[in-house]
Structures are given as structure tokens and as C-alpha cells.
Amino acid sequence: MDIAIVDTGCANLASVGFAFDRLGVRFKITRDADEIYAAPRVLIPGVGAAPYAMTTLREAQLVPVLQNLTQPVMGICLGMQLIFDESVEGGETVPCLGMVDGRVEALETGDLPSPHMGWNQLENLVDDPLLDGITAGDYAYFVHSYAAPVSSYTLAGSTYGQAFSAIVRQGNVYGCQFHPERSSATGAKILKNFMEIAA
Amino acid sequence: MLAKRIIPCLDVRGGRVVKGVQFRNHEDVGGIEELAMRYRDQGADELVFYDITASTDQREVSPEWIGRVSKVLDIPFCVAGGISSVKAAAERLNAGADKISINSPALINPDLVNTLSDAFGRQCIVVGIDSFFDGKNYRVRSHTGDPDKMRETGRETLSWISEVIERGAGEIVLNCMNQDGMRQGYDIDQLVAARAVSSVPLIASGGAGAPEHFKDVLQAANVDGALAASVFHKSVISIPDLKQYLIKEGLDIRP
């Protein structure tokens with residue numbers, strides 16, 4: 001196994017697995033703590049709402065497991081929101097995994113349609129192995145209503161109504177707000193780069 | 001900038017992609033995965049698969065081909081057709097569909113929109129609307145996959161859009177039936193009116209016949225995307241050429 005995909009109980013597990021299949025990466029979808037600890041890399045996928053996903057992780061007793069990982073970890077879409085300290089959804093503050101400093105909040109879209117749905121550009125790229133071969137202006141596929149603000153952990157931003165973090169990194173923990181598994185060649189490149197980051 | 005989306009629509013019947021004129025006289029235009037990958041390679045931003053017989057035949061679209069599409073496709077796709085339960089929606093999303101679209105079942109049971117939105121999140125619940133201009137008003141029709149089973153719903157299109165958004169729809173696909181398959185251009189007036197009541201993404205459908213039609217609807221109605229079928233299936237318009245043209249016209253488009 002090259003990567004463990006954490007079974008967050010969310011719907012897009014199959015799509016994420018297929019994306020790794022296309023890259024020739026061996027993955028396992030799992031809730032088993034030992035398997036997750038032992039995996040060279042870990043991916044936290046997710047779609048839907050943070051409270052539901054956090055409840056699933058707590059019930060599976062995976063919160064401390066994920067918090068203690070030292071290998072490269074990546075959260076995508078809702079999974080990226082879960083790696084932050086907390087998420088504010090519908091006025092309620094949901095404690096999250098706290099693997100990256102900061103909080104996730106509703107995207108202020110103003111007069112623009114919401115959710116933010118579609119292909120948007122990556123901007124203000126920071127030099128990082130995850131972004132090898134990625135250029136400012138490249139498009140990725142986003143679907144979300146909540147986002148992390150731009151911070152010192154932002155590797156790439158994007159803008160919809162407001163600037164927000166499209167990709168973050170704090171130490172061994174990465175997050176992608178967009179769906180790399182649905183972002184065509186750009187998404188495949190980012191997943192491939194993640195698989196090549198030194199463990 | 002968020003790009004305007006170009007969305008080929010693949011009507012599926014009997015495991016094949018078909019296309020009719022104003023929902024009649026279907027002809028075979030190709031295999032599902034073959035067409036999906038062709039459009040992906042040409043730069044389609046998203047694909048929509050409509051199982052056009054599902055609602056009229058009282059059955060729910062088979063998830064089997066959804067998994068096959070998800071396996072090969074690395075752009076988002078939406079599936080539609082007869083989805084009338086949480087279970088049916090879950091099967092399709094778990095098989096790899098990014099979004100599900102409901103049309104006739106929402107008209108029969110509007111609470112379904114709330115139920116699905118609560119279960120999976122607004123972001124993957126699309127409501128498709130078939131709208132017919134009767135000379136005075138825009139009216140919603142259901143069961144449009146089969147002319148013999150098609151029904152007037154008595155609903156007014158703009159109020160139905162507002163209602164489904166209120167109930168939790170995350171995107172609206174508005175198909176203007178008078179224009180469908182006619183290639184005379186999108187119904188700009190209707191889409192402008194729909195835009196004014198849509199706080200969620202709005203996708204235009206019905207009437208694309210030339211690159212200018214895409215430019216007109218994306219600019220004048222400010223829709224988030226434009227959906228088309230026959231002009232792509234019959235190679236009347238090539239997606240790379242269309243996108244180049246739209247970029248030249250100043251629209252935000254993913255090249």
C-alpha cells in the first residue's frame with residue numbers, strides 16, 4: 001500500500017480511489033488505526049458537512065490517530081477543512097482536528113452565486129514540492145461554501161468573492177480545498193507530487 | 001476568476017448516448033465512456049448524463065455505468081434520471097457521481113429536495129427544470145422524456161426555481177423546451193429572468209447552435225455555464241474552437 005485513504009463515511013471515496021488508480025498508486029480505504037499509522041502517506045477525503053464527518057472520525061476513534069501522524073498527510077475538500085482547528089458552520093463552532101492552525105469560515109461570496117462551484121484559478125503560488133509543474137493561473141475544480149482564509153500556511157490561493165486558501169501546508173500536513181480527483185491534469189499532477197514528497 | 005463552464009449533456013437510453021429533436025425521434029450518437037472521454041479530452045468542464053427514460057418508465061437509472069465513467073473521467077459529472085429516494089441518490093454518489101440532478105420526482109414530491117440536500121449537502125443536489133413558454137408565461141413540464149407521458153405541472157418556472165433553492169438545491173439547470181434541439185440560440189429573456197431569482201449556480205440548456213449563442217447566454221444572462229448536446233455530438237461545434245472563441249471575446253474560460 002502506498003497511501004491510506006481514511007474512510008470518512010463521505011460519498012466521494014470511490015472517485016478518490018479511481019484517481020490513484022489512474023496514477024498507478026496502490027491505496028487502501030480504511031478506518032483501521034494501525035493501517036493508517038503504518039501507511040507511508042495518508043489522505044483525508046470528504047464532502048458534505050464538517051459536524052457529520054467529525055462525528056464519524058470520533059466514533060471510529062481516529063481523531064488522536066490522525067493528529068499524531070508524522071508521514072505526509074493531505075486533506076481534500078471537506079478533508080482540508082477538517083485539518084484546521086475548527087470550522088464555523090451555520091453559526092456553530094465545530095472543533096476539528098487541529099493539525100493546521102486556523103479556522104474555517106463561510107465564504108463571503110457577496111452577490112455571486114453560492115456554493116462556489118466550478119473551475120477557478122490557483123494564484124500566489126509558494127515554492128513547494130507539492131506545486132512542482134503547477135503554474136499560477138492553472139485551473140482546479142472547486143465545490144464548497146466554507147473556506148480557510150489566506151494565512152502563513154497558504155501555498156496557493158484562489159478568489160471567489162474573497163481571497164481564500166486553495167492549498168495549505170503546515171509541516172507534514174497538506175490541504176487542498178478543490179477536488180484534485182476532478183481537476184483533470186492539474187489535479188493529477190498535485191496528487192502525483194504528493195506521492196513523491198519524501199516521507 | 002471562476003470560469004464559465006461548457007457542459008456537454010449526454011442523454012442516455014439503453015446504455016447508449018442518444019439525442020432527439022425537442023425530446024422526440026432519438027438517434028444513437030455513441031457509447032457512454034467513449035463520448036465521456038472524448039469530451040474530457042476536448043476540454044469539457046463537466047458532463048451531465050440524463051437517463052431520459054428513467055422517470056417515464058418508473059425506474060431508477062442503473063449505477064453500473066456510473067462507476068465505469070468515474071473510473072476513467074477526471075472532470076466532474078452529474079447524473080440525472082428518476083432519482084426519487086435517498087438510497088438511489090446515495091448509490092449514484094457512492095459510485096462516483098459528483099452531483100445528482102432531479103427533475104420529475106421533485107415535482108411529484110418537492111420535499112425530496114430538502115431530504116436529499118440534508119442528507120448529502122446542497123453542493124451535490126441539482127434541480128433540472130424543463131420550462132415551456134406558452135406565449136404568456138414560462139411553465140414547468142414533467143416527464144419530458146416521453147412525449148406521450150409528458151405533463152403540464154401547473155407550476156410557474158420562476159416560482160419553482162425560487163422554491164427549490166429555498167428547499168436546498170445547490171444548482172439549477174434550466175432547459176428551455178421551445179429552443180431545445182432547434183439550434184436557434186438560448187432563451188436569453190427567460191434565462192435573465194431565472195438568473196435574477198437564482199442565488200445558486202444557474203446552467204442554461206436548450207438552443208445552442210453556434211459559438212455566438214454561448215457568448216450571448218454567458219454574457220447577457222450571466223449564467224454560470226452553458227449546456228449543449230447535439231452541436232457537440234454532431235461536431236457542429238468543436239469545444240476547443242468554442243473555448244478559444246469565448247476567450248477571445250473576453251469571457252473567463254478554462255482553456
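**Notebook: helix packing, strand pairing and the A–B contact**

I began with chain B and noted that Val86(B), Ala89(B) and Leu93(B) of helix 3 meet Thr115(B), Leu116(B), Ala119(B) and Phe120(B) of helix 5. Contact here requires C-beta atoms, placed from the backbone, within 7 Å of each other. Sorted by class, this contact has six nonpolar residues, one polar and no charged. Nonpolar covers Ala, Val, Leu, Ile, Met, Phe, Trp, Tyr, Cys and Pro; charged covers Asp, Glu, Lys and Arg; the others, Gly among them, are polar.

The model is predicted: local features need pLDDT of at least 70 and side-chain atom pairs count only at pLDDT 80 or more, while totals for chains, interfaces and linings use all residues. Residues are numbered from 1 along each chain as its sequence is written, and chains are lettered from A and ligands numbered from 1 in the order in which they are written.

I next looked up the geometry of the two helices. Helix 3 (residues 86-94) and helix 5 (residues 111-120) of chain B pack at about 45°, with axes 10 Å apart. Helices (H or I, at least four residues) and strands (E, at least two) are DSSP runs numbered from the N terminus. Axes are lines fitted to C-alpha atoms, for helices over the stretch in contact, and angles run from 0 to 180 degrees between N-to-C directions. The two helices of chain B are therefore oblique to each other; under 35 degrees would be roughly parallel, over 145 roughly antiparallel, and 65 to 115 roughly perpendicular, with the rest oblique.

I turned to the strands of chain A. Strand 5 (residues 84-89) and strand 7 (residues 100-106) of chain A pair in the parallel sense over three bridges; pairing requires at least two bridges found by DSSP. Ser87(A) has Val104(A) in strand 7 as its bridge partner. Strand 7 of chain A also pairs with strand 10 (residues 146-147), in the antiparallel sense over two bridges. There, Glu105(A) is bridged to Ala147(A) of strand 10.

I then examined Asp2(A), in the segment before strand 1 (3-6) of chain A. Asp2(A) counts as partly exposed because it has 14 C-beta neighbours inside 10 Å; 20 or more would be buried and 12 or fewer exposed, with C-beta atoms placed from the backbone. Beyond four places in sequence, the contacts of Asp2(A) include Val25(A), Pro40(A) and Met195(A).

Finally, I recorded that 28 residues of chain A are in contact with 30 residues of chain B. Helix 1 (13-23), strand 8 (116-121), strand 9 (139-144) and helix 6 (184-196) of chain A each supply at least two residues of chain A's side.

Conventions:
Contact = placed C-beta atoms within 7 Å.
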